[in-house]
Amino acid sequence: MKVLAFSNLYPRAARRTLGTFNRDTFLALARYCDVRVVSPVPAWSLLRSPGDIVVPRYETQTGIEALFPAFASIPGVSCLHARGMVASLLPVMERLRERFPWDAIVAAWVYPDAVAAAQFAERWRTPLVTVGLGTDLNVVPEYFGVRSQIRRCLSRSARVVAVSHALADRAVELGAPRSRVVVQHNAVDGLAFTPRDKDPVRRRLELPAGRKIVGYVGNHRKIKGTDVLIEAMAHLVHGLGRADVLLVLAGDGELTAQLRARAEALGVSGHVRFVGVRPHDEIPLWMSAFDVLCLPSRREGCPNVVLEALASGRPVVASRTGGVPEILDGRTGILVPPEDPSALASGVAAALDRAWDPDSLRASVEYLSWDAVGRRYVAMLSEVLTEEGGAPSVSPSRRPMRARRVFVSSDSSSP
C-alpha cells in the first residue's frame, strides 16, 4: 500500500520541532506501508527561513522521504489559501504521482491542507483521510469564506480522524458523516517521557532546586492562554502569597514580548522564566524538572503535553476544554474553567500542595506501542480502499521497523 501523507505541520531542517506528532504518526504508518510526505510551505514564510529558500526540497532526516514545496498565499486572506496551495503544487504533485502512485492520501490538518488534498484525491481518484487536530476544526472554520470549503472536504472524505471525542462532534457539526468519523487520541513515547529524580535534572537545566516550578510547554499564542497564565501568576504570588513559585515557559510565539511586558507590569518577572524553544528530545527533561505542568488553553484537541507530563509522573492543571477532560481527571490533575486567572492560580496552588504519586500518574495513561497505532491506521486505510473497489495488500516483504513503546489514552486501542 502506498500512502501520501500531506501536512504543513511536519519537521524540516529549518524547523525541527514543528509537527512532531505528525512525524510520529507517519512513522508508525510507515512500518506497514510505503509512505511519502508532502509538507507545503507558505511562500511568504520563506523570507523568515533562509534555509528553506531553495524549494521544493527533499529531506529524509525524519526517516521518511519528505518534499517541502512552496505555495502561493496572501497572509490574512485565509479563504484563498487552499486555492493557492492547489495551483502552486499541481505540477509538483503530477511529477510525484509519476514516481509514487499513491493509493490513498492522509491529510493531517483540515485547512488548507485537507481541502487542497481533496482536489488532488479527486483528480487521481484516490480516497482521502482527513485528520483534525484542534484549531483547524475549532477556530479556522470561523474565518471568512473557509467554513463552506471545510464542510465540502469533510463530507467527501472517506474517513475523518479526530484526536478527541469533542473534535469528533465538531467534525460532524461541520459536515462529516458520523459513520465515517474515527477517534484516535494522540500518543506519547513512554521511553522518553518517564519519571526521573528532579534534582539532577534541575541542575542540568540550571533551574533552582528549592523552588516550586510550574511548567508550560508550547506556543505563546492567545488560543493557548499564555496571557491568562501570566495573570494567574500575579494571583498566585501576590494574592495567595506563593513567593516560592517559579513559572518556566518553554516555547515562543507572537505573544512572547507582550507576556514579558505584562509579567514586569504585574511585578512577577522574578517569578517567570522564558527559556525559548527547546529541542524536542530535550522536552522530557523539562517535564521531569517541573512540579506541575500547566495548560491554560482556551481551546484544545488532544494535547500531547498532557500525556507527556503524566507519562513523566507529573500532575497537570489545565483548562476544561476540548479533549482535555477525556485524558485528565481528579486523580491525575485539576481542571479549571478557561480564561479564569483566579481559578487557574487556585488550581496550581492546590496541585503544588498535594502529594502526587508519580507511578500512579504514569499508570493512568494506558500502555501501547506506536506499532499498534500504525496497525490501526493501516486497518482503516485497507477498509477504505476495499470500499473503493479493492485494496492493495500490505507487502509481506516490508519489514516493520522496531516499535517504540508509548502511552496513549484508552480510545487509542489497537485495531
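Helix α1 gives the most to the lining of the largest cavity, with four residues. Helices (H or I, at least four residues) and strands (E, at least two) are DSSP runs, numbered from the N terminus. The model is predicted, so local features need pLDDT of at least 70 and side-chain atom pairs count only at pLDDT 80 or more, while totals for chains, interfaces and linings use all residues. Residues are numbered from 1 along each chain as its sequence is written, and side-chain values use heavy atoms, with hydrogens and water left out.

Rolling a probe the size of a water molecule over the atoms shows where empty space is left. A cavity is a set of points, on a 1 Å grid over the protein atoms alone, where a 1.4 Å probe fits but cannot get out, and its lining residues have an atom within 4 Å of a point. Grid points are joined across faces, edges and corners, and a volume is the space filled by probe spheres set on the points. Across the whole structure there are three cavities of 30 Å³ or more.

The largest cavity holds about 170 Å³ of space. It is lined by 18 residues, and the closest to its centre are Phe21, Thr25, Val163, Asn186 and Tyr377. Two or more lining residues come from each of α1 (20-30), β7 (104-108) and α15 (370-387). The lining has twelve nonpolar, six polar and no charged residues; Ala, Val, Leu, Ile, Met, Phe, Trp, Tyr, Cys and Pro count as nonpolar, Asp, Glu, Lys and Arg as charged, and the others, Gly among them, as polar.

The second largest cavity has a volume of about 40 Å³. Around it stand Val214, Leu229, Ala232, Met233, Leu236, Ala345 and Val348. Here α8 (226-239) and α13 (341-353) each give two or more residues, and the largest share, four residues, is from α8. By class, this lining has seven nonpolar, no polar and no charged residues.

The backbone comes next. Most residues other than glycine have a negative phi, and most peptide bonds are trans. Trp109, not a glycine, has a positive phi of about 145° and sits in the loop between β7 and α3. Trp109 is buried (under 20% relative accessible area, with exposed over 50% and partly exposed in between, for a 1.4 Å probe and protein chains only), because its relative accessible area is 16%. A cis peptide bond, with omega about 5°, joins Tyr111 and Pro112, and Pro112 lies in helix α3 (residues 110-123). Glu339 also has a positive phi, of about 60°, and is exposed because its relative accessible area is 52%.

Key
On a 1 Å grid over the protein atoms alone, a cavity is a set of points where a 1.4 Å probe fits but cannot get out, and a pocket is an open set with protein on both sides within 12 Å along at least five of seven lines; lining residues have an atom within 4 Å of a point.
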